[in-house]
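Please keep the sequence and the three-dimensional view at hand while reading.

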Amino acid sequence: MKEKFNAFMESKFLPIMAKVAGNKYLNCIKDGFVFATPFIIIGSFVLLLFNLPLNDPTNFMYFKPYENFVNAFSGHYIQIFNVSMGIMSLFISFGIGYSLAGYYQQDQLTNGFLSMYAFLLLSAKSLAVTVIGAAAELLHVAENVNVGVLDARYMDAKGLFVAIIAAILSVEISRFLIVKKIMIKLPDSVPPAISKSFEILIPVAVISFLFQTVNWIIQSNMKIMIPDLIMKILQPLLSMSDGLISIIIILLLIHVLWFCGIHGANVVNAIITPIVLTNLAANQAALAAGQEIPKIFAGEFMNSFVYLGGSGATLGLCIAMIMTKNAHLKYVGKLSIVPGFFNINEPIMFGAPIVMNPIFVIPFILTPIINAIISYSFFKFNLISRIVGLVPWTTPSILGSFISTNLHFLAPVLVIGLIILDYFIYKPFLDMYVKELEKEESAN
């Protein structure tokens, strides 16, 4: 039975999933977000630093020195948030262009800058404004002086989808023109850096006039900025993505891929990362404005509340394996427990193994879904503060849940409870697997 199941998966299902996993655009989008992640995390921490639940006199956690600290320093250091989370789309457009150019073996730096340039054409208007009052003081200029301003409203998460589109289109157009030799080619004696700058001149000119013409037509006829137009088109998707059904579908896809030996999170993250970062930005804007936090599926919801120990929520299984009498599984459990606390579970995925093991298919897919349903319910009924901070995905879930929910004490309690529940879900299936291993050993 096991052999037939594995043969079916390998011959029919795996090739299709492998093509999805190898999609160049999905991989390049994923790379773009990875490149920008350090800046986004630091910006997120700075926002949290100045918005902890310690400066409200009506709150039992009120701490007067913290209120003084916020009043003294937030105006200066919030700039770190503004030039990280506040312009994340700029970083991500560069990263996607850089990665896609590498796939085509084109010059990566040039195409990264080209992607960023294309994004700015579509998203950032420049204008001169006369500054007065607090604005003049902030910019250290005299009042009534004209200052050049670049509109940054769409450089944050609101511009993510435009950044993705602009990066892919600009690299594809540039590649097409270069492959067709529609470029300025200098003699080989010219230094490579100078030669490359001339080769890209025609692609830059074509993209400049093409993108700006599209921008002009849309703004003139529809009276709307392109990022706003894209967000309006995608609004039903964004609204639906914050629902429990969508989260369950995402988890099913990720874990079916993983079960086939394909890193499901890497594949699907290229699709869901723009969504969770957009939702996170909405939550952070609400936090800064003192409003109700709107989104549940935001930031590291998955790694902090669902993937407890990695995909499949295998930390509970690690604990169960350490407690088993089977020598092989006990060894794998001990080897996997420390990485598992940091959401790294390759040792247990391939050491038990879970991949292509029909005994574990049910708990591997079902456990994270149960975690998601319970966690979503806690957020939905406001039993836990919703996510407003971004933590590295390797942050232990007990700590990550506490930080990302703005230090809500119940978040780590929930995570500990879920780990215990995951142990009991995996335990009967582990016992079945131990018996099968014992039969195989006795047969040999």
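The crossing of helices α2 and α4 is right-handed, a crossing being right-handed if the near helix is turned clockwise from the far one by less than a right angle, and left-handed if anticlockwise. The model is predicted, so local features need pLDDT of at least 70 and side-chain atom pairs count only at pLDDT 80 or more, whereas totals for chains, interfaces and linings use all residues. Residues are numbered from 1 along each chain as its sequence is written, and side-chain values use heavy atoms, with hydrogens and water left out. Helices are DSSP runs (H or I, at least four residues), numbered from the N terminus, as are strands (E, at least two).

Two packed helices are described by the angle between their axes and the distance between the axes. For α2 (residues 24-49) and α4 (residues 88-103), the axes come within 7 Å and cross at roughly 140 degrees. Such axes are lines fitted to C-alpha atoms, for helices over the stretch in contact, with angles running from 0 to 180 degrees between N-to-C directions. The two helices are therefore oblique to each other; angles under 35 degrees count as roughly parallel, over 145 as roughly antiparallel, 65 to 115 as roughly perpendicular, and the rest as oblique.

In α18 (residues 397-404), Ser397, Gly400, Ser401, Ile403 and Ser404 are buried; buried means under 20% relative accessible area, exposed over 50%, and partly exposed in between (1.4 Å probe, protein chains only).

The backbone deserves attention next. Most residues other than glycine have a negative phi, and most peptide bonds are trans. Just after α18, Asn406 takes a positive phi of about 60 degrees. Lys181, in the loop between α7 (160-179) and α8 (192-199), has a phi near 65 degrees and counts as exposed at 62% relative accessibility. The peptide bond from Ala352 to Pro353 is cis, with omega near -5 degrees, and Pro353 lies in the loop between α16 (346-351) and α17 (361-380).

The charged side chains complete the account. A salt bridge is a side-chain nitrogen of Lys or Arg within 4 Å of a carboxyl oxygen of Asp or Glu, and by this rule the count comes to six. One of them joins Lys64 and Glu67 (3.5 Å, N to O), which are three residues apart in helix α3 (residues 64-82) and thus separated by about one helical turn. Lys64 is partly exposed at 45%, whereas Glu67 is buried at 18% relative accessibility. Another salt bridge joins Glu199 and Lys185 (3.2 Å, N to O). This pair links distant parts of the chain, with Glu199 in helix α8 and Lys185 in the loop between α7 and α8, 14 residues apart.
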